[in-house]
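Subject: Structure handover

Hi,

Here is the structure I promised to pass on. Please open it first, then read my notes below.

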Amino acid sequence: TPRVFSGIKPSGGLTLGNYLGAIKRWVDMQGPAFETIYCVVDLHAITVWQDPATLADATREVAAGMLASGIDPAKSILFNQAQVPAHAELAWLFNCVARLGWMNRMTQFKDKAGKNAEKASLGLYAYPSLMAADILVYHATHVPVGEDQKQHVELTRDIAAKFNHDYGEAFFPLTEPVIEGPAMRVMNLRDGSKKMSKSGDSDMERINMTDDADTIAKKFKKARTDPEPLPGEVAGLADRPEAKNLVDIYAALSDTTAEAVLRDHAGAGWGTFKPALAELAVEKLAPISDEMKRLMAAPDEIDAILAKGAERAEAIANPILERTFDLMGFVRSR
Ligand code: AQP
């Protein structure tokens, strides 16, 4: 069976972008068609400063968000990266396969490092190499991600291809990114040219999965838009990034397409559409956030699931790592 791997950083609370671009789709991929492995990628989170006093809680919150959304430990392997050393070990080997020129082209590094790239951590720069290891240490064939991660999955393929070429065997698969649906790039509610992020400056620019109904309504009400009503066709959303974003969010939350949303709401003004969107978001998110709160009050329950998941993950990863060391010619006699 094809194998799916994907992960989320515990670098803050989960947003609607993480939910629609990632978690909701991961839930849908569980089942007989795929073997699914989902990871809280805490080693990625520390590429920017994380307070040691809050990292564990953030890790549990992301795990709780996945569980509450429907990631089922009976169907998927769910664990956090720091409990499976094979990720970091393979990442080192890949650091020696990946080329500086490839890393230099990564737009996420440029975005995250900003103007002062000299002060960025070496880890932030090497992040895509660790991500390639996360995926390839399971020989994962499919990686469901949001649009923002496409370039990193392509780099993963480059690393796999170069490794296979250099070490003479088609050992690592060329993994496919799976980027489908109306909300692969959920935008910032205050600026339609930026994506919605956990770590953005203002809380008003994102919907958090733990926001209550009033907060969700307030954030959509204040979301930036243009004065035009909703068009009848998707073409009418071109050059209207904020309007397009709200329509796409509505479509993703209701499991339909932007076309269908516009058919139902053509001609509506924002005074009508925004409250409808808020109501839909609350209807979908409230049960998840209630279950997240219950789980977060039971950290032992979460930790037990992550520990069990890590054990199952290692059973797949360790033999693949061992074979990689072998192909590269290391002595590993213990
Ligand atoms: N705005 C988004 N729209 C669609 N998908 C998104 N994802 C993130 N933001 C959006 C998807 O969520 C998954 C997990 O992402 P991540 O936590 O590993 O890193 P990120 O993409 O850097 O997420 P954030 O929220 O922007 O975190 P910070 O602010 O800490 O960097 C990925 O599949 C991603 O595509």
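Start with helix 10 (residues 241–253) and helix 11 (residues 258–265): their axes come within 8 Å and cross at roughly 105°. Helices here are DSSP runs of H or I, at least four residues long, numbered from the N terminus (strands are E, at least two). Axes are lines fitted to C-alpha atoms, for helices over the stretch in contact, and angles run from 0 to 180 degrees between N-to-C directions. Helix 10 and helix 11 are therefore roughly perpendicular (65 to 115 degrees; under 35 is roughly parallel, over 145 roughly antiparallel, the rest oblique).

Which residues meet? Val 247, Asp 248, Tyr 250 and Ala 251 in helix 10 meet Ala 258, Ala 260, Val 261 and Leu 262 in helix 11. Contact means C-beta atoms, placed from the backbone, within 7 Å.

This is a predicted model: local features need pLDDT of at least 70, side-chain atom pairs count only at pLDDT 80 or more, and totals for chains, interfaces and linings use all residues. Residues are numbered from 1 along each chain as its sequence is written. The protein chain averages a pLDDT of 96 (the predictor's confidence in each residue, from 0 to 100). The predictor gives the complex an ipTM of 0.96 and a pTM of 0.96.

Now the second pair. Helix 4 (residues 86–95) and helix 13 (residues 299–328) have axes that come within 10 Å and cross at roughly 25°. That makes helix 4 roughly parallel to helix 13. Among the residues meeting there are Leu 90 in helix 4 and Leu 321 in helix 13.

Best wishes

Definitions and conventions
Two residues are in contact if their C-beta atoms, placed from the backbone, lie within 7 Å.
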